[in-house]
Amino acid sequence: MIDQEKGPFILPNLPYEKKALEPYISEKTLEFHHGKHHQAYVNNLNALIENTDFLQKNLETVIKETFGKPDKAGIFNNAAQVWNHTFYWHSIKPNGGGSPSAKIAALIESSFGSMDALKDEFSKAAAGQFGSGWAWIVYDGKGLKVTKTSNAENPITSGMFPIITIDVWEHAYYLDYQNARPKYIETFFNHLINWDFAERCYDRAVLK
Ligand code: MN3
């Protein structure tokens, strides 16, 4: 769904029109974020893996095999950013927010106590990520957890199964929210989050 079977890697299309998330995320933001930033990670990755064995590997394998290796940091950063952005586009949708299915709602209740408690923990993680990075809802094999990562890092390298992410790099929100990261996070949770996608990710994780 998010993985790509082998290189050269491509920029996946957005799953909706560039205007579709307005007024919460503008067409202008998506033009830059998808068309320039995400595209640049794809281009950089392909340039870095040209003539290497990584060209024959799937994206998740490239991420896992380069994580924590200083001489492979460039490949890791770009590969993870390709994956993270594709995952983020699916983590949001037009008319998102609202209530998840009964199954996901029950999982949230058993893991966090309530939807409000999840929202609070997720918002604190996303707002508290110092500098650039990501906040995540992950399935750890038993229940859901909130986590955050710096720069390009991704919870799959620690065996977690992401079900939602929010990009908190400034380029994700600056044109629409300027420095008001908490307002962007609240809007993400209330109006954009894609609980159907979260459920599909959870269902796949349970099968593994
Ligand atoms: Mn980004």
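Two remarks on conventions come before that. This is a predicted model, in which local features need pLDDT of at least 70 and side-chain atom pairs count only at pLDDT 80 or more, while totals for chains, interfaces and linings use all residues. Residues are numbered from 1 along each chain as its sequence is written, and side-chain values use heavy atoms, with hydrogens and water left out.

The protein chain is divided into domain 1 (27–91) and domain 2 (102–207), with bounds that come from an automatic or database domain assignment. Their centres, taken over C-alpha atoms, are separated by 20 Å. In domain 1, 21 residues are in contact with 26 residues of domain 2, where contact means heavy atoms within 4.5 Å.

How much area do domain 1 and domain 2 bury between them? The figure is about 1,900 Å², 67% of it on carbon and sulfur atoms; buried area is the accessible area (1.4 Å probe) that two parts lose on being put together, summed over both. On the domain 1 side, Phe 87, Tyr 88 and Ser 91 lose the most area to domain 2, together 30% of what that side buries.

The count of salt bridges between domain 1 and domain 2 is zero, a salt bridge being a side-chain nitrogen of Lys or Arg within 4 Å of a carboxyl oxygen of Asp or Glu.

I turn to the metal. The manganese ion is coordinated by His 33 (NE2), His 85 (NE2), Asp 167 (OD) and His 171 (NE2), at 2.0 to 2.1 Å. Donors are N, O and S atoms within 2.8 Å of the metal (3.2 Å for Na, K and Ca), and water is not among the atoms, so sites may look incomplete. His 33 lies in helix H1 (residues 27–49) and His 171 in the loop between strand E3 (161–167) and helix H6 (174–177), so this pair ties together parts that are 138 residues apart in sequence. Helices (H or I, at least four residues) and strands (E, at least two) are DSSP runs, numbered from the N terminus.

Finally, Gln 81 is found in helix H3 (residues 73–91). Is Gln 81 buried or exposed? Gln 81 is buried, with a relative accessible area of 1%; buried means under 20% relative accessible area, exposed over 50%, partly exposed in between (1.4 Å probe, protein chains only). Leaving aside neighbours within four places in sequence, Gln 81 is in contact with residues including His 38, Tyr 41 and Trp 169.
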